[in-house]
Amino acid sequence: MYRHKRLFSFILVILLVINSTFALYKDQVGVIDWYQAHVGTPKKAYFQKVIGRSNLIVATDHNVIANLNLKSNNIYWRHALKENDKLVTIAPLDNFVVSLSESKSSNIRIWNGQNGYLVNEYVIESANNENAEYDDLLIQNNNIYALIHGKTIVKINNVSRSQEGKFDLQDNNHSKLFLNSKTNEILAIGKNNKGQLIVSVLETNGRIISEKTVSNIKFEIDDVFFTGEKLVLKNFNNKLYTVDPKSGSSSTISYEDVKELVHVKDNVFIVKTESKDNLVKINDSVEELSAFENNDEGIISVFTNDADSYVSKTSVSKKESLVVEILNANTAKIAKAFEIKNDYSKNGEIVKVSLDSYRNKDGVVLFRIFTVTKDGSIHLYKESNLVWDSEESLTNIVDLKFIALPEITKDIPEAIKNNENTGILSQIVSRIKFQLSFLKKSNDNHSQNSDILKRDPYGFRQLLLFLTQKGKLICMETLTKQIIWTRFIGNDVQNFNGIKLTNIRSSAVQYPPLVAVIGTFDDNGKESSIIYSIDTITGENYQYTNKNVPSVAKYPYKVLQTFRLSNEEKEDKTRVIALVKSETEVDFYPNIPEVIDSIKEMEQPIYFNLNDKIGGNTLRGYKLYINDEKKPQIDYLYKKTFPENEVIISYGFKEPVDYVASLGKVLGNRNVLYKYLNPNVLAVATVKPHDVYTSVLSIYFLDTVKGSVIHHSYYEGGGESSIMKPQIIQYENMIVCTFWNNGAPLEDLDTKEAKKLKKNIKKGSQIVVFELYESEIENQKDPNHEFSSFHYIQPHIESKAYLFDGIITSIGVTTTRNSITNRELIVGLDNNELQGIHPVFINARRKITPPSNEDKQEGLLQYRPIIPSSEKSIMNYNIPVVGVKNIVSNPATLESTSLVAAYGLDIFLTRRTPSNDFDVLSEAFNKPILVITMVSIVIAVIYTHIKIKSNNFKKVWKIQPADKVEKAEKKDK
Amino acid sequence: MENPWAVNYKAIDLSSRVKASSSIPAGFALSKNERYNRRKAANDTQQKDIDDIRKLKVKRAYEKAFNSVKGIFMNVIMMLMSGNTINQFTIIIIGMLLMNPIKALKQTNEVFKEFEEDEEEDTSYLLKPKLTYIALSIAQLLVGLYKCSSMGILPTTTSDFLTFEEPKVYLESVHGGSVY
């Protein structure tokens, strides 16, 4: 027995030790990255009971359906529909979520609410795309009625999983479905082109009972509700009406002015009037049941299930703390009132509220409040406590800037700061003193210093500053994903619309880094522009030393274009920003006379472009200088208009940091092709429709100083698809363009020519690579030391086109500190992957013939049309980075490493080393062994040195070792 | 330690050799005339001997000169075998190919010292073998350089000076882009 006891205890111990472990895949080892999944700002959010538990289901502006965790800030499941599959609405059905989305067809999908699996999908083809947004879902028991294109009603039975009917209405302006549960009839209502109410009544088997038009009420379609018997609606004059759906007869209800009408359940409504928000019953007249105690401006939210119905009012008049009052609609009594906190300066006001009611184990009714704030972020409160909040505003990023941290941000001695006044020696002395004191301090309290934002030795620690379209600034740290600060500048002005961020001062020891945030806003109906100067370490407005420079400047016009000049404001060393008001007027920020003087001193005028947006077809060039009257003057230089039917579809993108390490490309025979590094080359892609091919894509390279076309090439069949837009990236002397090729026409397959075409023009993604060189002849170089666009140098251009297996939605390139490292092209794919393409594949000099020895020396592969993709080249291994729109990179201090950020819906940040970690010791490197070897060698050297010395000494003095002496003595004897 | 088996040409004592060739027994007196004739004959043979030895020395010096570059063919074979990639092996070979001839050139005088005569200042008879020696060493050096150039480590092409070239100054710079 004793033995058994031991055995049992042994097994027990083993069982205690057993634990679930997480393992990495081989390719994940050593990869340092972070990832943040988003869903977007909810358009529709509701709480749904799935298998007895509350779930928060959201449909967002980014085409995402998601189930959010109620306990912590993560996502149970989400589905991001394709961009061309517009999510219209969602509805709950038992444990399922029904979604209706519009692509070429209308798609009804049923998702499992618990795990998000697709249960069923119904694709309904429509003859035309008219009124595609007039869609609605109605759930009755196990039947789904879907209104499609305002005309067709589709009935789906969720038990038999079949489409039971498809009924067409006469008018195609219906937009809402209601159910009359008493008579089991379906009501489709809408507003026709004349602004009249149309009401159609159908039986559930599709027989149309009546189709009526009610003429005399002017109304908004969102203000129409169905009580179960009658339609209740509010007209433009805030009067209430009831309409009998079958006869179409309408009658006025006498009641005071109604600001807003909210349907609760059956004939119970919330009526917002000038003074009060009442809970009312509407039959032929209005019967007031109860009212909210708080009469401030507020948002009404309704929660109903079979047993309970609650209405909440979240007052929004106070910015920071909001009162939530909850009415029980069944008993018409106040159920609860509590206060929730909202950080107004970071989130703005609350714009959307969803209410949830649930019972805890003891049967006590509790409430949850889900809010969407103006900036687009979401928050979940459990009564007055914030459970979590999520920065969903990060899904609408207009610009992202990497900001290098200063080396030290605190306690810098005066002598270092004022380096102009003191001598070099005193500077050095104070510097050493300071460093010593710093060393002491860091030894004393290491933990306290760690929160200071400062640069790490390898430059991996940087700030990511995001600007969202609505004006939220979010500053994150690259190492830890921690949000350093957020600020919602969209509060300050109406309808803020972010344009871009501009670095106006990079970080130095004595100055914090600054950015300018540029946006437009609505100044009482007048389009205006605004600039903020923001300290990126703290997020606060930067106060200039010169009191004449405001940290926030408003301009009473919409800027056409802004750009940063190379001039600096003297005192604060910030770069000057030019704001182009019109083709003849420009403003400078800061607008002080010294700035004008410094621009006047410049030898060259400032050239700038005002190009058409995507969809236009003209590029314009101007030059800006300060005239003799000390006024900025703009001269119009050129206009480049593409042929009439060509439309600009994409402009080349350049990384702000683009150094060139080598001026030429070294060939296999060690000769050099000199790179054409004109910084003013702009690549433009245009597309025009074509009779034979669907479209033809043209790529132009223009010198934007003088507007000349350097190169033009066209691609038959090239263009765009609904999910793939052409993208161009320019770096060094390379231009890479990706586009969708529609392929050769399919008609007339018999002719030889057509067959050849079909063979040569493949349908699919295509990558075209251009390399620009000064001359075709090796070692030949333009002798001028200065490059001007007005000299005539025509570059030699080599190009190759490749096929790519994948739909490219975004394109980027790695940048490193000195550009010695290879530049890796990064493509974001439609299947949520980010793929790095090694430069050896996208080389324009690959030859069709087998490579010669020289080519091998150069590292050229033989040309193959397809760019191979391996699992290893996928940067995000098994993480789905959804909806990537932009890929931006910034160098770290280590030459081998580039920080790459991809954003769109999700945010992904990783480090790329295209030429491997050549400047970092590998993980496998054994440091102890090295140290041990070194130490032992040193010891051995010292030992032998001493030994030899003593030996020599003995030799000279003919001292024999003791044992030999003894032997010799013995011999002598 | 000197090799007891090697003949040191420098150490050969000519006078003792003449003595050894003397066939006159001890105590034998020569007449004046005879003595004169004998001395003359002896002087003649001595002069003849000196010339012979010089010839021999030059011959040996030539041998020495050729000897030092005998390895050249082996080096060439090694060079061909090692290929043109840069690795430890080729670097060692190149080091050898370049260092050996340079060392040899430095030691020219030392190598031929053993053929010199102690007293005589005139070493002009060694000039030709010395020149041959130098020429052959230079030839060996050239082989080494050829290897370097075929490996591409001689800075002879434009690409080798690319790093030192100044980047161009771009006079104009264009700002902006598409309008907002």
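This is a predicted model: local features need pLDDT of at least 70, side-chain atom pairs count only at pLDDT 80 or more; totals for chains, interfaces and linings use all residues.
Let's start with charge pairs. A search of the whole structure turns up 37 salt bridges over all chains.

First pair: Lys472(A) and Asp375(A). Their closest N and O atoms are 2.5 Å apart. Lys472(A) sits in strand β36, and Asp375(A) sits in the loop between β31 and β32, so this pair ties together parts that are 97 residues apart in sequence. Are the two partners buried or exposed? Both Lys472(A) and Asp375(A) are buried.

Next, Glu771(A) and Lys665(A). Here the salt bridge spans 3.5 Å, N to O. Again, distant parts of the chain are linked: Glu771(A) is in strand β57 and Lys665(A) in strand β49, 106 residues apart. Glu771(A) is buried, at 2% relative accessible area.

Third, Arg823(A) with Glu732(A). The closest N and O atoms are 3.5 Å apart. Both residues come from loops. Arg823(A) lies between β60 and β61, Glu732(A) between β55 and β56, and 91 residues separate them. Arg823(A) is buried, with a relative accessible area of 7%. This pair also belongs to a network. Shared partners join Asp658(A), Lys675(A), Glu732(A) and Arg823(A) through salt bridges.

Now to the interface. On the chain B side, 25 residues are in contact with 46 residues of chain A. The buried area between the two chains is about 3100 Å², and carbon and sulfur atoms give 55% of it. Which three residues of chain B supply more of its buried area than any other three? They are Lys168(B), Glu172(B) and Tyr180(B), with 28% of the area that chain B buries against chain A.

What about polar links? Between chain B and chain A there are four salt bridges. One joins Lys781(A) to Glu165(B), at 2.7 Å, N to O. Two elements of chain B, β1 and β2, each give two or more residues to the side touching chain A. Strand β2(B) gives the most, with five residues. By class, that side of chain B has nine nonpolar, eleven polar and five charged residues.

Last, an annotation on chain B. An unreviewed UniProt entry places a transmembrane region at residues 72-98 of chain B. In the model, that span is 81% helix and 0% strand. Its end C-alpha atoms lie 12 Å apart.

Key. Residues are numbered from 1 along each chain as its sequence is written. Chains are lettered from A and ligands numbered from 1 in the order in which they are written. Side-chain values use heavy atoms; hydrogens and water are left out. UniProt positions are given in the numbering used here, feature names are shortened, and annotations may be inferred rather than shown by experiment. Helices (H or I, at least four residues) and strands (E, at least two) are DSSP runs, numbered from the N terminus. A salt bridge is a side-chain nitrogen of Lys or Arg within 4 Å of a carboxyl oxygen of Asp or Glu. Buried means under 20% relative accessible area, exposed over 50%, partly exposed in between (1.4 Å probe, protein chains only). Contact means heavy atoms within 4.5 Å. Buried area is the accessible area (1.4 Å probe) that two parts lose on being put together, summed over both. Ala, Val, Leu, Ile, Met, Phe, Trp, Tyr, Cys and Pro count as nonpolar, Asp, Glu, Lys and Arg as charged, and the others, Gly among them, as polar.
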